[in-house]
Amino acid sequence: MKTSGILSVLLFFSVLGLIVYFPGRKWARVHVNSKTAVGDHPLNCLSCHLYTQKSGFISKLVNRKYMSPFNMAVSKEGDRLYVVAQEDNALLVVDPEKKKVLKKIIVGNLPHSVILSNDGQRAYVSNEWSDDVSVIDLSTSKVVDTLKTGNGPAGLSLSADNKSLYVVNSYSSNISVLDLNTGEERKRFDTGNNPTGTQLSPDGKTLYVTSRRALIAPYGETLKSEITVLDENSQKITGRRNIESAYMMENIAFTPTGDLAIVTMIRPKNLVPSIQVELGWMMTYGIVVIEQKENGRVIQLLLDEPNAYYSDPFDIVITPDGKKAFVSHSGVNTISVVNIDSVRSLIDKSSPELLNSYSDNLGISSRYVIKRIKTGANPKGLALSSDGKLLYVAEQLEDRIAVINTKSLETVSTIDLGGPNKITVARQGRRLFNNSGHTFQNQFDCYTCHPDMHEDGLVYNMASTDMGRNLTNTQSLRDIGDTPPYKWNGKNQTVYKQDGMRFSTVLTRTEQFNYKDLDAITAYIITGIPYPPNLQYNPNGELTESQLRGKAIFDRTMDNLGNDIPENNRCITCHPPPYYTNLKMAYVKTLASSDDSMLFDTPHLNNIYASPPYLHDGRAATLEEIWTKYGKEDKHGRVNDMTKNQLNDLIDYLKSLRAPAYEHNVSKKFHAKNQSN
Amino acid sequence: MRKIFRKNIPRTAVAVILCGICSVAVINSQPSAEKSPANAHSKDDAKPMPVYGHWKNFTTKDGLPSDHAYCVRIDGNRVLVGTHEGLSVYEDGKWKTYTTKDGLAHNGVVSIDVSELTGDVWIGTFGGLNRWSAGKFETFTQLNSGLPNDLVYCVICDGKDVWAATAGGAGHYDTYTKAWEIFTEKNAPMHEPWTYGVSAGDGKIFIAAWGGGVIEYTTKTKKFKDYTDPDGEMEIDLLPDDGIVHDITTATSYADGILWVSTYFGMSRYDGSHWKGYFDHDSGLASNFINFIRAKGPVVFICSDKGLSSTDGKSWVTYKKNDNNNDGMAIIKNFGRNDDNTINKTTKEIPLSPSIAHNFIIGVDADKDVLWVATEKGVSRGELMK
């Protein structure tokens, strides 16, 4: 009786389990398939219900706040290391000998760079998302002043007399000259596109500014990125050197004698079909060497090797004896060591024709790269001790500083900055996002074409199945989790699908991500890529008069002539807040003859000012051109009745659009109004 | 587009009579026999009017791309000239020309200014606006930017701000924020969007608006004020010195607290309280048809269709080329006061050989001891006579 009773209960639960399991599993399969838009993702509830939560209790439970060291400065005595902890909005004061963080000084939002005054009394930290510089008294470790800058302050340099601070404004593409006596901005010069790096020549006479994005140009033209040269004495721009076929020139260093300036760079092959990936050469990485003499040559040298690429070069430093340069490669967790005498020798002995050929010579690096040193995840900023014996490496996604002996070229120790021990799923996703290990021969990673998780401003030839051109303007990944479908043709309904099999087939040409990695990279993309604040065009949510007039045009239902604008031709219909997309496909008569026949995914417009060029193939260099050049038939909104004043107002309004988080109130009002109608 | 001249016969008749009376009062100046005047000045002048001579003319034979020169700007050791066929730069005794092949928006260059803040050169053309910085041209057009119109008649730099007078309104570009503002009859007290000139001084912008006189914009308060011809008369200045002489203005220039305004019907001077009008019949002005003016300190240089004039408001120096040869003269007119307070008018003529390149003058710039002039038939360079 007792045994039969137990058996009955077991049988009951077994039957119940089977009844629940089969239909339940079937339901779960349908559910997961619908959420991932693929048919093979494992039935793992945690994938979506835990790791991709953007806010709330669960999000706080599973995610961590990391330090993310980005750039550094070393005191002259070598006893202090000042580390910019980007995610922690702080400057860390580190004792490198004791390997201990002594103090944490809170600065502005998303600090970028730090520089020390000659007397070692002050540190200046640029805050990229606050549009200011924190002035820190190092004797008290206190922020004693905050200096206003242009938009997106990044690289810093001090004038030779330490009276002026040069601040590179990466978003507004200019450089501010701050008077350190008054704290006022004295001048602002336009630079190349999206500048970051800056360095004063050893003689204190010339300031160089590097830029990351290429100058906007029609597809098919040779890519050009600018290095801007400022004369310290006259305080005037004296040079704008176009570096051809290169971009992402993150940083620059001078040899101590000042005979060479060396800049990190990427050479993208965006004009050839992306199918080229399996043949190599999609992206190559190296340095630009600029001779500092009259009619000095500009030579591009690769740091790659045949069948092995060293992606995402970020920082460069040169030892005080001028013998070695160190370059951090964020995409392959490696430091390249360059023998500068070998570079000089190569340049001196090469004919102009040979020098030109080096920019495409993968084997030439063996002539001057003397060592590759492995690091932790995502090495970014580099700093040398004043005697040049130690190299410090900011391992951004390791929350750690690596210490390398510059003679033995070995990592001798690491300094833990005290970040969380746990690597969350999203953090692992960020590591994957920044690592080229998943691409054939390490040619590139997600970050390469999506620097700062945004976009690189280039148009790529994404060859379709029938080998049309299908030019594709790279899109920003900021906060895209809620704006499916993905790709301009809207073929991928979810991030899982976007980064799954198709991604490996078309782009990386390797094995696709395993599901664990796919979950991780999806979690990162959905939860971890915020927009910068729109400090240039909409710092506090109060629209200017022009922006308000532009909003009225954006929202309008009647044109200037009093005619009704068809609902599907109103701005607000396809671009409603908070993302300013209705998530639908649209026809705006921009299909090119080389495109496959298709509709286009309506893009989101948050921070749209930061994403030139525009339209699916980047044909519009500016927002104005969307309508002045490519909207003549009124298929992309009713615009041809507008005056120039009205168009300017509309553009002003579009530039004011901010991150969805700011726009939710606007969205509520919009939807409430629609419902009441 | 242009204001239609009103036909008001009774008012015109009164004006003609008044004009005749005025003309009688002005006649009787006698040419001087002096050959070498050091300078021109009236008795109560503190500073003498500068006189320029030793003219040297440049044409296509010297390397200019075109003899049609629209504007000239001195920039340190070099001189920038806008011509019908491009931007030409004179440096170290040589001309170098830049055209659309180099990145110029249009070869018709009609206005040039240099930013004191950055050293960047801003260039107004018939096809857009250029910034020329360290050898690189950046182009703003009505299609790719907020520039009101591609016909940019005048461009000036005022600190970090750039102002452009265009056929579609006045445009203001903030080089820091990279934002454009447009001012037209829709949002400013203009008669129509067509603007010809713009100048800056003492925190104010002075826009020469076609048919709308002068629009004064205070940069701090962002408020407008307009100056129009009070008598509203389009053919003559009915009441002297009652305000701006005509609503169809061609240029403004501000220096030493004085606003100078040119029209095709005479010139005006405004000291902040009072207006004074100048015409060819009652002053040393070469012609009432004035293309452009530029004030430098107390002196204004006036580009007309019949020669180049300059004045400090009292003394006048006019440069004219002979019709039949390359020579010409500088005509100096002084309007001083005698001991009995009556006006003492004197006229002197200094022979010039050669003279300026042509009497149709469109652009001028002065710096220290040098005067450059853009004319219909080449560019002229004069030196201050000691």
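This report covers strand pairing, nonpolar cores, the chain contact and the domains of a predicted model. Local features need pLDDT of at least 70 and side-chain atom pairs count only at pLDDT 80 or more, while totals for chains, interfaces and linings use all residues. Residues are numbered from 1 along each chain as its sequence is written, and chains are lettered from A and ligands numbered from 1 in the order in which they are written.

**Strands**

Helices (H or I, at least four residues) and strands (E, at least two) are DSSP runs, numbered from the N terminus. Two strands pair if DSSP finds at least two bridges between them.

| Pair | Bridges | Facing residues |
|---|---|---|
| E13(A) and E14(A) | 5 bridges | Thr198(A) and Val209(A) |
| E3(B) and E4(B) | 5 bridges | Val81(B) and Ser88(B) |
| E4(B) and E5(B) | 5 bridges | Ser88(B) and Thr97(B) |

In chain B, E3(B) and E4(B) form a hairpin with 2 residues between them. E4(B) and E5(B) also form a hairpin with 2 residues between them, and Asp92(B) in that turn has a positive phi of about 55°.

**Nonpolar cores**

A nonpolar core is a set of buried Ala, Val, Leu, Ile, Met, Phe, Trp, Tyr and Cys residues joined through C-beta atoms within 7 Å. Buried means that 20 or more other C-beta atoms, placed from the backbone, lie within 10 Å of the residue's own. The largest core has 108 residues, and Met72(A), Val83(A) and Leu91(A) have the most contacts inside it. Apart from it lies another core of 102 residues, including Val72(B) and Ile248(B).

**Contact between chains A and B**

Residues are in contact if their C-beta atoms, placed from the backbone, lie within 7 Å. Chain A and chain B each give 22 residues. On the side of chain A that touches chain B, E16(A) supplies the largest share, 5 residues.

**Domains**

The domain assignment, automatic or from a database, gives chain A domain 1 (191-416) and domain 2 (545-676).

Methods: Buried ≥ 20, exposed ≤ 12 C-beta atoms within 10 Å, placed from the backbone. Contact = placed C-beta atoms within 7 Å.
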